[in-house]
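Have the structure open as you read.

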Amino acid sequence: MSKKSSGIKRLKDLNHKKIALYDDINGIAISSMLKAHHIQFIRKPVAYKLEKLKNNEIDAMIAYGSNEPFVAQEMGMDVSIINPNDYGFERYGDILFTSTKILDTQPELVERMYRASKKGFEYAFSHIDEVVELIYTKYNTLNKSKEALYYEANTLKKLTGLGENFGVFSKEKIESIAYIYSYTELGKYDLNYLDHFIYKTKAVDIDLTQEEKKYLQENRVTYAGDPNWLPYEAFTKDGNYIGIIADHIEIIENRLNIKFDKVITENWLDTLELSKTNKVDIISGDAADAVLNQNYKPIDTYIKNPLVIVTNKDHEYILDLNQIKDKKIAFISGAGYSADIVKKYPDIKFLECETLQSGLLGVKTGKYDAFIGSLTMVEYTIVSMGIEDIKIAGQTDIVMNVTLFVDKNKPLLYSILNKVMKTISANRQHEIISKWRDSNVKKVIDYTLVWQISILFFILTLIGLFFTLLLRKNNKKLHALLNSTIEGMVISKDGICHTANQPAMDLFGYKDSDDTKQLHILDFVSEESKELLKSKIKDSTTAPYEAIMKKKDGSLFPALVKGINLGDGKTRISTIIDLTKLKQAEQQTLYLSERMELAFDGSRDGLWDWNLIENSVYFSPRWKEMLGYRDDELENSFDTWQSRVHPDDLEEALKNIESCVKDKEKVFENKHRLRHKDGHWVWIYDRGKVQRDKDGKAIRMIGTHTDLTTEINLSNELSELNKNLETRVKEQVEELDRRHIFMAQQARLASMGEMLSSIAHQWRQPLNCINSDVAVISSIMARDTIDQEMLLSQIEKIENNTQYMSDTIEDFSNFFRPDKQKTEFMLHDTVKSALELLAPRSKNIEINTVFNKDTEVLSFKEEYRQVILIILNNAIDNFESRKTQNPKIDIIIKEHDNTTYLSICDNGGGIDKDKIDRIFEPYYTTKFANEGVGLGLYMGKMLIEDSMQGKLEVKNKNDGACFEIRVPKGVENA
């Protein structure tokens, strides 16, 4: 971690810098990264606090991503992070170890320790508030803020993989650690010893509640699926349940220690019939299945399978299904994903077939030009039926999400299945799917922008057969052959690059072939694709697949990769083709497609598509929704529209259609009414365009429906309103005037009450003094000898007090006399005068003022002071009603740009959440009925916002309420 101001952004920027690092194993990932990239630096002792970095005593320091960056932010430092993970140096900490001796002699102890450790972390991450409070109050040796502790907790929770792969430690992770040590420790390590290094837990923890456990004990669970849906599931003649889903069900049964009662149906339609009456608890299927979703709820998807496009073997690769929208494209009737296909491709007229098998055979025989199905089922069926001369020629964006549906009336069972399904690891799921997918099926991809695939396979086969002979006899010819190809080729042995052809060096940015020698083939691969490459290397031959590759300068690019092992399996030829241009073209196409789709969805228009040759019509779900129908409630036919058009509008609409069909230049437009499901009429703006064949014959009309009902109704209402607008406006104005006069009277009475209350406070002290002076005068007059000097003194005191009382009345009269014109005044003087008026009420209140004496405002001074008094009086009333101990009011004046800010904050406990949004409403008061009428704050807000073009707002802050008045320093008269 470094300060942004240091200019350190990349690894190479650390050269010759002062870096605070651990000397021991804790810093090995950082040390290995620096050593591997030949970074020369000045080592400094590890810094446990950030002052050294802040004071520029060091340029960079080792840091925990869950701690120091947040602390730096609290200190006001902007920092940059260089993460070893971005450079291939992953570090794993907090690993639990045991000895083989303990494991052999006390396996139960090891298992309990493993479970206890895991549960401890799970509890901590599930009760973050509790743990943060505990650390903050008892173990906060570093004096962290609560915010820093929350940040650390949530960051660590994310890093641990809680809810996904928490507590899982794989061989790949250990290999990653060994890879780091190879840069700092001499010697070669045999990674084969790692196979038995990882402890395998004896069981899987499923955190079931007592209620869920009781449910499993007291209830039998029934299950039904598709009896003929391989490779997903099927029942054999002997009643055995097999397939991908069956393997998942078996794991679930074992982990819950129960057996499902399986209901075997004749076909999928029979299974759907069971779902309509909730005859079984669980049914497998596509998450998008509309029938199952009626009475059942899908658990989280556990198998995602893309829909692919199958064509004859000679067809070119299909980037977008719209490329072949005029062809005969089929999918299985009633498939869960069928609605998604139609919605995604509204311009394509699809055909339906009964089964997957008939769809694939239809492509082979030419009945269909293309068939859409899920990848796994297509591959399995092609191999199992031995269908030749067809291929997978493309992939759609639609994914079939295979899941389990649970009866909506059984939420406990739903929760149980979700929990146990999440315990099945991604690796185990991959093993199950791989078991049922035939590895001989090849997905043929036609990347026409970069090569003809047949040439590539020919070259690869040629090299595979003759590599050894060519290498021995004619090395020059081999290199010439390698360099003559347009794709990059890398030949490696035991994973180490032996040679690379010129296209490969150009591709990866190397000038000399010696630069590539001794590099591991994974050095050419991005971090995100390394696991994929590792798995592919194990196969002797791989079908072409996509991966993200890495150039010498670290930049990444997409590529098509294929590999083949030769001889003893240690030598491998890999071919790489840059797909950057192709991906850019795909992205642009996708962007345009998504933009059109978003624009259309955003318009909320309904779509219709009329085939004039077959007289068949498609109405989109939105089209039907406008009329109050679900998609399945209206037939897609011309009569559906015609029978619902208002009799007065039908003739004109048909004439417009006929005219548009005859006239090539005309665009169809018409406004008419359609009958809604509930009987009322919906005004529709209908637009469309005719599509013609090469001879100009109209073959198709496509258009949209826009609901104009609201607009037309509003227009009619507006016309009606205009007829008597003047009368209604006059009535409303008179009513508003009456209300304003009434409210002004109420406000004036309330203000007079406040004024009299304030005068009473001001007069109380001088009246007491006058009373005392009269008593003294009486005693003087009762004496035989009158002391003239003392008498005059007492009379003078009475005169002074009466003058003070007169001045008080004058002050309050001026205060309640509204200003007619704006004047310039100092805010602090206004605040001071308001405080003086409230001096008798506020003598036991601590009042703190912070302001700039030069803050001047052009506005209405007395109105401004009245608002201050309203707020202060309310605060004092609140102190008295709540009997607040040590009451305090803070008054702060600030200015920014051309705006002044006056905040008045108290410690009176704040305003209740359910009342704070209403305190500016007229006649709304939080006081007792005899203490106020609820107009003070309302009038204050009107004065500030209507008269002074400012803003009066309130919020609870700390232990009280805080009012803020914002007023422009100088504005035009409203």
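Cys905 counts as buried because its relative accessibility is 18%, where buried means under 20% relative accessible area, exposed over 50%, and partly exposed in between (1.4 Å probe, protein chains only). This is a predicted model, in which local features need pLDDT of at least 70 and side-chain atom pairs count only at pLDDT 80 or more, while totals for chains, interfaces and linings use all residues. Residues are numbered from 1 along each chain as its sequence is written, and side-chain values use heavy atoms, with hydrogens and water left out.

What does Cys905 join to? Its disulfide partner is Cys962, with an S to S distance of 2.0 Å; a disulfide here is a pair of cysteine sulfur atoms within 2.5 Å. The bond links distant parts of the chain, 57 residues apart: Cys905 sits in strand β32 (residues 899-906) and Cys962 in strand β34 (residues 960-968). Strands are DSSP runs of E, at least two residues, numbered from the N terminus. Searching the whole structure turns up one disulfide.

| Residue | Relative accessibility |
|---|---|
| Cys905 | 18% |
| Cys962 | 8% |
| Cys497 | 2% |
| Cys660 | 1% |
| Ile891 | 1% |

Now to Ile891, which belongs to strand β31 (residues 888-896). Not counting residues up to four places away in sequence, Ile891 touches residues including Val831, Leu835, Ile847, Leu872 and Ile904; contact means heavy atoms within 4.5 Å. Ile891 and Glu964 are 73 residues apart in sequence, yet their C-alpha atoms lie 9.8 Å apart in space.

Key: Helix = DSSP H or I, 4+ residues; strand = E, 2+ residues; numbered from the N terminus.
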